[in-house]
Amino acid sequence: MAIKTKDKKSIGEQIKSHFFKNQSWLAHEIGMSEAQLSRKIKGTKDWIQPELDAINKVLGTDFKL
């Protein structure tokens with residue numbers, strides 16, 4: 001599950017703040033279903049580094065577990 005502290009946003013919240021268009025667009029760009037991406041952003045499913053690597057490539061970010 002996503003861990004969130006008072007001072008730090010979850011990875012999902014950080015990713016959401018970097019969307020260029022919308023969740024559907026990002027899911028398509030990284031080859032993930034929109035439902036799966038939604039579950040990960042909400043923190044009901046855990047991220048794995050290869051998924052974050054795909055997001056980093058698309059968004060120009062540097063998310064790490």
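The chat below goes through a predicted model of one chain.

User: What is the mean pLDDT of the chain here?

Analyst: This is a predicted model, and the mean pLDDT of the chain is 86. Of its residues, 88% reach 70 or more.

User: Which elements have the lowest and highest mean pLDDT?

Analyst: H1 is lowest among the elements of the chain, with a mean of 82. H4 is highest, at 95.

User: Let's take H4, then. Which of its residues are buried?

Analyst: Helix H4 spans residues 49–59, and its buried residues are Glu 51, Leu 52, Ile 55, Asn 56 and Leu 59. They sit on the same side of H4, because they cover an arc of only 140 degrees around the axis.

User: What does the face turned away from that buried side carry?

Analyst: Pro 50 and Lys 57, both exposed.

User: And what do the buried residues of H4 pack against?

Analyst: Three helices: H1 (11–16), H2 (23–30) and H3 (34–42).

User: Which residues does Ile 55 touch?

Analyst: Leaving out residues up to four places away in sequence, Ile 55 touches Ile 15, Ile 30, Trp 47, Gly 60, Thr 61 and Phe 63.

User: Switching to H3. Which residues are buried there?

Analyst: In H3 the buried residues are Leu 37, Ser 38, Lys 40 and Ile 41. Down the axis of H3 they fall within an arc of 165 degrees, so they line one face of the helix.

User: What covers them?

Analyst: The cover includes H1, H2 and H4.

User: What does Lys 40 touch?

Analyst: Not counting residues up to four places away in sequence, Lys 40 touches Met 32, Lys 45, Asp 46, Trp 47, Ile 48 and Glu 51. With Glu 51 it forms a salt bridge, in which the closest N and O atoms are 2.8 Å apart. Lys 40 lies in helix H3 and Glu 51 in helix H4, so the pair ties together parts that are eleven residues apart in sequence.

User: Is Glu 51 buried or exposed?

Analyst: Glu 51 is buried, with a relative accessible area of 15%.

User: How many salt bridges does the count come to?

Analyst: Two. Besides the Lys 40 pair with Glu 51, the side chains of Asp 62 and Lys 64 meet in a salt bridge, 3.1 Å from N to O.

User: Are Asp 62 and Lys 64 buried or exposed?

Analyst: Asp 62 is exposed, at 57% relative accessible area. Lys 64 is exposed too, at 53%.

User: Now the largest nonpolar core. How many residues does it have?

Analyst: The core has 15 residues. Ile 15, Leu 26, Leu 37, Trp 47 and Ile 55 have the most contacts inside it.

User: Which helices each supply at least two residues of this core?

Analyst: H1, H2, H3 and H4 each do. H2 gives the largest share, with four residues.

User: What tends to happen to nonpolar side chains in general?

Analyst: In soluble globular proteins they tend to be buried together.

Technical notes:
Residues numbered from 1 in each chain as written. Predicted model: local features only at pLDDT ≥ 70, side-chain atom pairs only at ≥ 80, totals over all residues. Heavy atoms only, no water. Buried < 20%, exposed > 50% of the residue type's maximum accessible area, 1.4 Å probe, protein only. Arc of directions from axis to C-beta. Contact = heavy atoms within 4.5 Å. Salt bridge = Lys/Arg side-chain N within 4 Å of Asp/Glu carboxyl O. Core = buried A, V, L, I, M, F, W, Y, C linked by side-chain atoms within 4.5 Å. pLDDT = per-residue confidence, 0-100.
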